[in-house]
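Have the structure open while you read.

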Amino acid sequence: MKTASTPLGRFWAEFRENKVAVVALVVVILMMLLALFAAFVSPQNPYDMANLSLMDSRRPPGFVGSGGYTHLLGTDPQGRDLLSAIFYGLRISIQIGLAAGIVSLSLGTTLGILAAYIGGRVETLIMRAVDLQLSFPAILLALVIVAMLGQGKAQLIGALVAAQYAYFARTAYGAAKAERGKDYIEAALATPMSGRLVVLRHLLPNCTPPLIVVATVQIANSISLEATLSFLGLGLPVTEPSLGMLISNGFPYMMSGRYWISFYPGVALIILIVAINLVGDQIRDQFNPRLRK
Amino acid sequence: MLGFIIQRFLQAVVVMAVMSVIVFCGVYAIGNPIDIVIPPEATQEIREAAIRRLGLDLPLYKQYFIFMGNLLQGDLGRSFVYNVPVLELIGGRLPATLELVLISVISATVLGVSLGVYAGYRPESWISKTIMGVSVLGFSVPSFWVGLILILFFAVNLGWLPAGGRGETVEIWGVAWSFPTLDGLSHIVLPAVNLALFKLAMMIRLARAGTREIMLTDTIKFARAAGISEGTILRRHLLKLISIPILTVFGLELGSTLAFAVVTETIFSWPGVGKLIIDSIGVLDRPVMVAYLILVAFLFVTINFVIDLVFALIDPRVRQGATS
Amino acid sequence: MMKYTKFLAPLAVTIGLTAAAAASAQTLTMGVRGGPESMDPHFSALGSHAEAAKHIFDTLVWSGTDLQIEPGLATSWKPVDEDTWEFKLREGVKFHDGSDFDAEDVKFSIERIPVVTGPTTTTIYVRRVAGVDIIDPHTIHIHTDGQAATLPNDFIRLFIVSSEAAADYSTPETAAEGFNSGKAAIGTGPYKYVSWEPKGDLVLERNDDYWRGKGAWEKVIRKEIPNDSSRLAALKAGQVDVINYVSSVDYLALERDSSVDAIKGDSVYVMNLQLDQREKTPLVRAKDGSELAENPLRDLKVRQAIDHAIDRETMVDIVLEGLGKPANQMMPPGFFGSSEDIPMPEYNPAKAKELLAEAGYADGFEVDLYCTSDRLPGDGAICQGLGQMLTQVGIDTNVNAVSKTVYFPAQSRLEYSMFMNGWGTLTGEASYTLGGLAHSNNPEVKLGAFNRIAYKNDDVDRLLQTGATMMDEDERRATYEEAMEKVMADKAYISLVQLQTVWGAKAGSVEFTPRFDEDTLAFFIKPAN
């Protein structure tokens, strides 16, 4: 247990105690790897038109297609192997979730710390806007923005960022504000040390733990929100199927008993989101001093 | 106190004005509705006549002033598609949405608070752990997916409940409601469960966190030391203390559930306002989109205003903080 | 359902609920995909709008089951000179309020249209009308701008409203209120208006004095249920008696379901692949991304290759799950102007590759294919299938199935090179389809307005121009058939499949003949036995 001496080591030692969280973490990592190496682990490239056959479409799980291998989870209406489509869909979903999460994190944190650091009018303006937005449901904001911007990956990410940056701004602001009031910051500001350095060296590090918590939750939320928008027909184009799009494509077939087209992509989506949330929960509990024994 | 109310009220008015500009410009920047409302077979003359008829040939700021002028007279414009006043269109579908939202939020709150208090009161019992596990699911599983699964199991496989639509309605005070009929109730169950699940998880977590914190406070320790029974402690102290944050969230959630009903209504073909707005986005029926968003913004601003006032009444520090 | 009802039964008694009343035999409840946009029949030219309006209002000219034109409120019509048609009106017809129908109502209706029409404009029904003269109460002369051989076809959705009842409700501001409230919704049709809510139910009661005879149902409820699954579920649950547009996804399962009848009918819609004929086309390139010397789609061999690459049978059987027919021309067989001499194209990928090689594209090329994904049943899926088939003969195809709200504006701006959408020959004859699509775009002669691929064949242009002015029916038919043969041989338009439509009904409950225009009309639905 020599790692236990560093802060990260101590954190990990505590994290390890929660078996569920550890399993969740393993699942998250595994799914990331699947998404990253989709091209190598998929039995079929679902986008290579030359490889697909309409004769294979809508076959139930276990069907041996014209490609010669078994479609473990069946095929979709275009004759794509569903398992492969899920791996590729996972990739698009995670890409979008991460991209939206990182951009919102940067934007929100900047705004939040700026508000706390500068204070005065700027603070009021930024935080009023943020609070107003927080009271507004994210789904509705995203919906309207997507409708305004149109279909496409960049537009979708833009909508997700607009719907989510406020959470980061609020969190960063809260943490930075608390720190800003402390004597040592005042002292540091009195020295010739530049303001930028104070922000980088003191304010930002203190905001990091809560931001990590918000980030995990928000990445899961982006993925879920993207799926919802795609399901409503306002997300990505049909030809770039994220998990949400796959579910949406299969929905009409549910009533006629061909549940797998929509069911399995859904299972993959749920596993991903639940796992991220479980990891996030554990991190939050560890950062929350009030729950410490 | 009066000064505080006036100040907050003015703030709310400013926010509404800003929102109306943002919403109007945002929506009117979307695509070109004319290519969607006229048939693909239309000629150039027909197209231009339609543009003039809908007032789309005017510059944006003029359209905004016309819109605001009408709005102040209580007129939110006419639907491009149906040529009827938008308020009438939304009003006709509001009862369906209200019915669904109220049933969902109330049942989620009652059930969620009970389960949450229990889970916070006995955090180590297996029941509590199960409750929390379920709440994680309810929190993270996307609502549309739950809707699909509900349909798959209860409507397609078991055939117990209808898959969508609104059941038979009864007129009460001139408004059609579906909950008083058996057919109506059977239609409302699945969408209501779908919509309630997220709120349920949220209420469980809130109540549990509140309970856990309060149970560790000195008040409870002293009460216990004084030999007051656990039941009395629960009733007199705990419920009283957690009720304020829960009521606040209840208010806020009422609004956000109204917005989130968009998803549930789409899945279950529930003929409410949410379905209307999705359809309107599809055909770029701008007046309907703008009116809906303005109404939602108004709702949120009002709820926030009321919550501010209530807090000010309860906690004098808020008042001072705001006026100083 | 059983368990659930038991569980709720006590509750029902205590709050005094009304149980869902079983629909009486006198009431027909129809679940339809789309509803009217207003009760004013002149507001919208949308198919579902006209369909609803046909219950309350009549037209001068009636279009029958196979879109053949028949007498309606007009008993006969004939051209009296170059640019005048005479219509004889039916006598003894009464409006729902008891007043008489006469020439005044026809003139009023025609003149009202340009004033009250909404954005989906109904002026297309009167586009050729230059003036209306009342000769006597039951004779009317319609003056047209030049020769208009197909004027009676234009009139099949020209609804006649009462000139008295609608007099005060004929401005854009008042029309919707007047008609939606029922005050002006007075027609001569088989059913009287009771109530309607946008996107909700349209309730109608029988007009006992209808000139065609009394309808079979005392009361008709037309429920708008846009979602395909929900509509089907409503039928299975017994909430509605008849539904339209059963989706291809559910069709096979429905066929096996003995509690429900599936009634299949041909539709007027044919899916056409359209190939840009401009010298420079934006979305075609070599496989390495470099620009091609010329637009390969201008080469007949390439177009023939594309035709041979398409497996229409598989498209029907797999993609549409049986709900369609392979198509060899832009109109369904039997329509005025469709030719019986056009062969069904052969699926032959080897030959397609050969033709491509002969045209100098042995390695193929790359193209972006655009289609609608939400306009007609199966359009997005057909598009994907098309992409697979073309890719397999060497034309790398990037499939873009997009919303119609994106597709049509871009298509009219000529942004696409290869695109596919459905075209419905709503009038049942070729001047509408060929005149719009196959003539070179020429606003002066009002032809070719929807030719988005710069297709131009001088022979075809000449045939279509003469056809439009021929008053002799047989000559005109032959002219259009010849034009159709030439257009299809050029392969700039490649017809793929003709769609079919399915209605669902409670097993053994009703009888009706599917209509080509897909209308679901209560008057023509009869109770079984």
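1. Let's begin with α10(A). By name, the buried residues are L243(A), G244(A), M245(A), L246(A), I247(A), S248(A), N249(A) and G250(A). Keep in mind throughout that this is a predicted model.

2. What covers the buried residues of α10(A)? Chain A supplies α4 (82–118), α9 and α11, and the cover also includes α7 (143–157) of chain B.

3. Next, how α10(A) sits against α11(A). Helix α10(A), residues 243–250, packs on α11(A) at an angle of about 155 degrees, and the two axes are 7 Å apart. An angle over 145 degrees counts as roughly antiparallel, and α10(A) and α11(A) are therefore roughly antiparallel to each other. Their crossing is left-handed. On the α10(A) side the contact uses L243(A), L246(A), I247(A), N249(A) and G250(A), while α11(A) brings I261(A), S262(A), P265(A), G266(A), A268(A) and L269(A). Sorted by class, that contact has 7 nonpolar and 4 polar residues, with no charged ones.

4. α11(A) has another partner in α4(A). Here the packing angle is about 40 degrees and the axes are 10 Å apart. α4(A) and α11(A) are therefore oblique to each other, and their crossing is right-handed. L82(A), I86(A), G89(A) and L90(A) of α4(A) meet W260(A), I261(A), Y264(A), P265(A) and A268(A) of α11(A). By class, this contact has 8 nonpolar residues, 1 polar residue and no charged ones.

5. Now the A/B interface. In this model, 31 residues of chain A are in contact with 30 residues of chain B. On the chain A side, the elements giving two or more residues are α5 (120–135), α6 (138–149), α9 (195–231) and α11 (260–287). Which of them gives the most? That is α11(A), with 9 residues. By class, the side of chain A that touches chain B has 23 nonpolar, 6 polar and 2 charged residues.

6. A few overall figures for chain B. The chain has 13 helices and 2 strands, and its C-alpha trace spans about 85 × 60 × 35 Å along the principal axes. Of its 324 residues, 43% are buried. If you take contacts between residues at least 6 apart in sequence, 71% join residues at least 24 apart.

7. Two residues deserve a look at their backbone. Most residues other than glycine have a negative phi. S269(B) has a positive phi of about 50 degrees although it is not a glycine, and this serine is found in the loop between α10 (230–267) and α11 (273–283) of chain B. Is S269(B) buried or exposed? S269(B) is buried, with 24 other C-beta atoms within 10 Å. K491(C) also has a positive phi, about 60 degrees, although it is not a glycine. K491(C) is in the loop between α15 (473–490) and β18 (493–506) of chain C, and it is buried, with 20 other C-beta atoms within 10 Å.

8. On to an open sheet in chain C. Its 4 strands run in the order β4-β5-β7-β6, with antiparallel pairing. The edge strands are β4 (74–81) and β6 (129–136), each of which pairs on one side only. From one strand to the next, the twist averages 20 degrees. β6(C) and β7(C), the latter covering residues 139–144, are joined by 6 bridges, and D133(C) has H141(C) in β7(C) as its bridge partner. Helix α3 (residues 103–116) of chain C lies across β5 (84–89), β6 and β7, running at about 170 degrees to β6(C).

9. With β1(C), residues 27–32, strand β10(C), residues 219–224, pairs in the parallel sense over 6 bridges, and L28(C) stands opposite V220(C). With β9(C), residues 201–206, the pairing is antiparallel over 5 bridges; there D201(C) stands opposite K223(C) of β10(C).

Key:
Residues numbered from 1 in each chain as written. Chains lettered and ligands numbered in written order. Predicted model: local features only at pLDDT ≥ 70, side-chain atom pairs only at ≥ 80, totals over all residues. Buried ≥ 20, exposed ≤ 12 C-beta atoms within 10 Å, placed from the backbone. Contact = placed C-beta atoms within 7 Å. Nonpolar A, V, L, I, M, F, W, Y, C, P; charged D, E, K, R; others polar. Axes fitted to C-alpha atoms, helices over the stretch in contact; angles between N-to-C directions. Parallel < 35°, antiparallel > 145°, perpendicular 65-115°, else oblique. Left-handed = near helix turned anticlockwise from the far one by under 90°. Pairing = 2+ DSSP bridges.
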